[in-house]
Amino acid sequence: MEQIYNFSAGPSVLPKPVLEKVQKELLSYQGLGISVMEMSHRSGHFEEIIQQAEHLLRKLMNIPDNYKVLFIQGGASLQFSMIPMNLMQQSQHAYYVNTGSWSEKAIKEAEKQGEVNILASSKDENFTEIPSINTSDIDPDAAYVHITTNNTIEGTRFTDIPDTGEVPLVADMSSNILSEAYDVSKFGLIYAGAQKNIGPAGLTVVIVREDLLGTHQKELPSMLNYETYANSRSLFNTPPTFPIYVTQLVLEWIQELGGVEAMEKINREKASLLYNFIDESLMFKNHVQEESRSLMNIPFTTESEELNKKFLEEAHSKGLVTLKGHRSTGGMRASIYNAMPIEGVQALVDFMKEFEVENR
Ligand code: PMP
């Protein structure tokens, strides 16, 4: 099979050894003669899988004991609603930092549940940077402060996590969870759709400090209440069993590579390789302010739409696929999540060099 490097923003590349293991176990999980997909979520075998997935995530992210790990469906987008529903308490107001399209979607949903104050925004800068945050502006009675640690579309990332004091910090880590080491104790809640750095689509991971559970005012539907998941170890109803199984394998893979710190080191190398070339290039540009550059999603462009199109076509024919930028930004975007090997980034840089020489 021809070597393909998939730069999709999500669902995205999964580690090859994981896919091979899935393939090997697809028809008969551990010699049982049935697939994980065909197994009851109440079976001992599946309970082992979900417990091991939680155990590995706790270990890899060093999650303190006073945090619950929840496996939920509905994508990160459902969390845009569940967070305000569950956490907006007496004060009924929360702060959001607006750093791009996904933050804006989160804000829109939160506004349906309570009052939203924009603590900082880089909208006027076209979201090419992470705005500075004045933490002294935060009313200590607020329900929480929401940030998007990595902005998948704009290619920015928080390099400094704001200290919000007693007010819980809530983070959308959909596109950079497990890619760099975070101190979980600085956050009240972390959430991430699985389909970039965790596993297949269909699963969302929520890590929440226990004291934030049960503080909502209104009676919530069971499936929208974090307590339901916390009290049943995410087995209140049928969870997305197959994505949880693949997630467990991805987490094992990260552990075997040396954990999140080792992953971060490789991710920094991969990102530098591409940024260094773009910075030297006379043809390719990345418009993000240097300090705010993402390690996971790197948008870039040439000087013309015509050249962008040519680049994308030729890249595709060389096995460098899904490099098209988001429809809102145009140009190109290389998503280089954990599972993208450094060889893939090197192949992209080699091709960009060649393309530049031939088209100038
Ligand atoms: N937040 C961020 C940062 C994302 O990148 C995405 C998906 N690309 C979402 C939220 C929405 O996730 P989902 O499609 O799982 O609802």
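Me: Where does phenylalanine 127 sit?
Reply: Phenylalanine 127 is in the loop between β4 (115–121) and β5 (145–148). Strands here are DSSP E runs of at least two residues and helices H or I runs of at least four, numbered from the N terminus. This is a predicted model: local features need pLDDT of at least 70 and side-chain atom pairs 80 or more, while totals for chains, interfaces and linings use all residues. Numbering starts from 1 along each chain as its sequence is written, and side-chain values use heavy atoms, without hydrogens or water.

Me: What is phi doing at phenylalanine 127?
Reply: Phi there is near 60 degrees, a positive value in a residue that isn't glycine. Most residues other than glycine have a negative phi.

Me: And which residues does the cis peptide bond join?
Reply: Glycine 10 and proline 11, with omega about -10 degrees. Proline 11 belongs to the loop between β1 and α1.

Me: OK, ligand next. Which residues surround the ligand?
Reply: Gly75, Ala76, Ser77, Phe80, Trp102, Thr148, Asn150, Thr152, Asp172, Ser174, Gln195 and Lys196, each with a heavy atom within 4 Å. Helix α3 (residues 75–87) gives the largest share of that shell, 4 residues.

Me: How many of the shell residues are nonpolar, polar or charged?
Reply: 3 nonpolar, 7 polar and 2 charged (Ala, Val, Leu, Ile, Met, Phe, Trp, Tyr, Cys and Pro are nonpolar, Asp, Glu, Lys and Arg charged, the others polar, Gly among them).

Me: What does aspartate 172 do with the ligand?
Reply: A polar side-chain atom of aspartate 172 is 2.6 Å from a ligand nitrogen. On the oxygen side, glutamine 195 puts a side-chain N or O atom 2.9 Å from a ligand oxygen, and a polar side-chain atom of tryptophan 102 lies 3.4 Å from a ligand oxygen.

Me: How much of the ligand's accessible area does the protein cover?
Reply: 86% of the 400 Å² that the ligand has on its own, by Shrake-Rupley with a 1.4 Å probe.

Me: Changing topic: how much space is in the largest pocket?
Reply: About 580 Å³. A pocket is an open set of points on a 1 Å grid with protein on both sides within 12 Å along at least five of seven lines, and lining residues have an atom within 4 Å of a point.

Me: What lines the largest pocket?
Reply: There are 23 lining residues, and Gln3, Ile4, Val13, Leu14 and Lys16 lie nearest the centre. Elements that give two or more residues are β1 (5–6), α1 (16–25), α6 (241–257) and α7 (259–280). Helix α1 gives the most, 4 residues. By class, the lining has 16 nonpolar, 3 polar and 4 charged residues.

Me: How many salt bridges are there?
Reply: The count is 12, taking a Lys or Arg side-chain nitrogen within 4 Å of an Asp or Glu carboxyl oxygen. One of them pairs arginine 233 with glutamate 54, whose closest N and O atoms are 3.4 Å apart.

Me: What does that arginine 233 and glutamate 54 pair tie together?
Reply: Arginine 233 is in the loop between α5 (226–232) and α6, and glutamate 54 is in helix α2 (residues 44–61), so the pair ties together parts that are 179 residues apart in sequence.

Terms used. On a 1 Å grid over the protein atoms alone, a cavity is a set of points where a 1.4 Å probe fits but cannot get out, and a pocket is an open set with protein on both sides within 12 Å along at least five of seven lines; lining residues have an atom within 4 Å of a point. Grid points are joined across faces, edges and corners, and a volume is the space filled by probe spheres set on the points. A polar contact is a pair of N or O atoms within 3.5 Å; within protein, one must be able to donate a hydrogen and the other to accept it, and residues adjacent in sequence count only if both atoms are side-chain atoms.
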